[in-house]
Amino acid sequence: GKGGWQNQGSMHGIVAHPSDGRVWAVINGKIHRSGDRAETWSPLPIDDVFTWLEPDPTDRNRFYASGARGIYVTEDGETFTLIGGPRPANRSKLHVDHRGRLYATQWRESRTGVW
């Protein structure tokens, strides 16, 4: 098969809260949320195009999202705060290490590298 970013499908990130049944996923550029263990879904009203979600292993309530405007953080899964990073970041992949440090790799649409 073909390699590369374009052949990954439309879902690039999923985060599940470990205890209360909430789940978030990026589907077709929007963050969707389920509050009932993925039975029903609704898009969050955030004006950006997203591609990746990454949980923070040091805080089960925190996760990050990469969007065209940059990188966002949320502590509650409802309010997303833009924290900077590469722009656009919608071709970024995110990783949070065991100490809670966020890394973003950027490809093609802005300066490439690790942020």
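Buried means under 20% relative accessible area, exposed means over 50%, and partly exposed lies in between (1.4 Å probe, protein chains only). This is a predicted model: local features need pLDDT of at least 70, side-chain atom pairs count only at pLDDT 80 or more, and totals for chains, interfaces and linings use all residues. Residues are numbered from 1 along each chain as its sequence is written, and side-chain values use heavy atoms, with hydrogens and water left out.

A salt bridge here is a side-chain nitrogen of Lys or Arg within 4 Å of a carboxyl oxygen of Asp or Glu. The count by this rule is seven.

**First stop.** Select D20 and R22. Their side chains form a salt bridge, 2.8 Å from N to O. R22 is buried at 16% relative accessible area. D20 is partly exposed at 34%.

**Next stop.** Select E75 and R62. A salt bridge joins their side chains, at 2.9 Å from N to O. This pair links distant parts of the chain, 13 residues apart: E75 sits in the loop between β7 (70-74) and β8 (80-84), and R62 in strand β6 (residues 59-67). Strands are DSSP runs (E, at least two residues), numbered from the N terminus. E75 is partly exposed, with a relative accessible area of 42%.

**Then.** Select D97 and R101. Their salt bridge spans 2.7 Å, N to O. Is D97 buried or exposed? D97 is buried, at 10% relative accessible area. R101 is partly exposed at 39%.

**Last stop.** Select D56, D59, R62 and E75 together. Salt bridges with shared partners join these four into one network.

Technical notes:
Helices (H or I, at least four residues) and strands (E, at least two) are DSSP runs, numbered from the N terminus.
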